[in-house]
Amino acid sequence: MRVLLHACCGPCLLEPFDALAEHDVTVCYANPNIAPAEEYVRRLEALLEYARSQGIEVRELPYEPDRWARAVAGASDAAERCRACYRLRLGMAAEEAVRGGFGAVATTLTVSPHQDQAAILEIGREVCEEAGVGFLATDFRDRFAEAGHRSRELGMYRQNYCGCLPSKAEAEAEREARKAARRAP
């Protein structure tokens, strides 16, 4: 089956791509959430460098951060913001899958234990059904450690936040809180 694999970054691509080896997989980089633009380019370049080295086809969808901002406007908290972000990105991938004649969509988002697996799978099913394409409900979390190990071995750029500016601020606050806790008597 031809599968369009939504990928958020190079490190998260490694293990899910390998897990889907029985399929004809093309990667879809649909990430208008990533900010600033320099970070978007850095993640894309890391993904493309790996993809070229492996002969993996990548489809980059337009970088439209304003579209992401509209999609998450009014979100009351991080969970609601993430759900809106998943819906936008997986919806973009589903539309691209239909245009490209793919049989199904999958996503690398499910490799991270830091993401809301249930929301990703629920939203993936919904947007793919709406678009008229299949959804491979995959949970790659058991491959997260290996993806980290491999990406370090490859010298791949590894980001320290999910992608959007609010997630960057949240990650920085969490790191500062851990540092403060370690310094506390």
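**Close-up 1. His-23 and the residues it touches.** Skip the neighbours within four places in sequence, and His-23 is in contact with Met-1, Val-3 and Leu-136. This is a predicted model. You'll find His-23 in the loop between α1 and β2 (24–29). Is His-23 buried or exposed? Its relative accessibility is 18%, and buried means under 20%, so His-23 counts as buried.

**Close-up 2. Helix α1 meets helix α2.** Here are α1 (residues 10–19) and α2 (residues 37–54), whose axes come within 8 Å and cross at roughly 35°. On the α1 side, the contact is made by Gly-10, Leu-13 and Leu-14, while α2 brings Arg-43, Leu-47 and Tyr-50. Sort these contact residues by type and you get four nonpolar, one polar and one charged.

**Close-up 3. A cis peptide bond at Pro-36.** Look at the link between Ala-35 and Pro-36: this peptide bond is cis, with omega at about -5°. Pro-36 sits in the loop between β2 and α2.

**Close-up 4. An open sheet of five strands.** Which order do the strands follow? Reading across, it goes β3-β2-β1-β4-β5, and the pairing is parallel. At the edges are β3 (58–60) and β5 (134–135), each pairing on one side only.

**Close-up 5. Strand β1 beside strand β4, with a helix on the sheet.** Strands β1 (residues 2–6) and β4 (residues 104–107) pair in the parallel sense over four bridges. Spot His-6, which stands opposite Thr-107 in β4. Helix α4 (residues 78–100) packs on the sheet and touches β1, β2, β3 and β4. The direction of α4 makes about 155° with that of β1.

Terms used:
Residues numbered from 1 in each chain as written. Predicted model: local features only at pLDDT ≥ 70, side-chain atom pairs only at ≥ 80, totals over all residues. Heavy atoms only, no water. Axes fitted to C-alpha atoms, helices over the stretch in contact; angles between N-to-C directions. Helix = DSSP H or I, 4+ residues; strand = E, 2+ residues; numbered from the N terminus. Contact = heavy atoms within 4.5 Å. Nonpolar A, V, L, I, M, F, W, Y, C, P; charged D, E, K, R; others polar. Buried < 20%, exposed > 50% of the residue type's maximum accessible area, 1.4 Å probe, protein only. Pairing = 2+ DSSP bridges.
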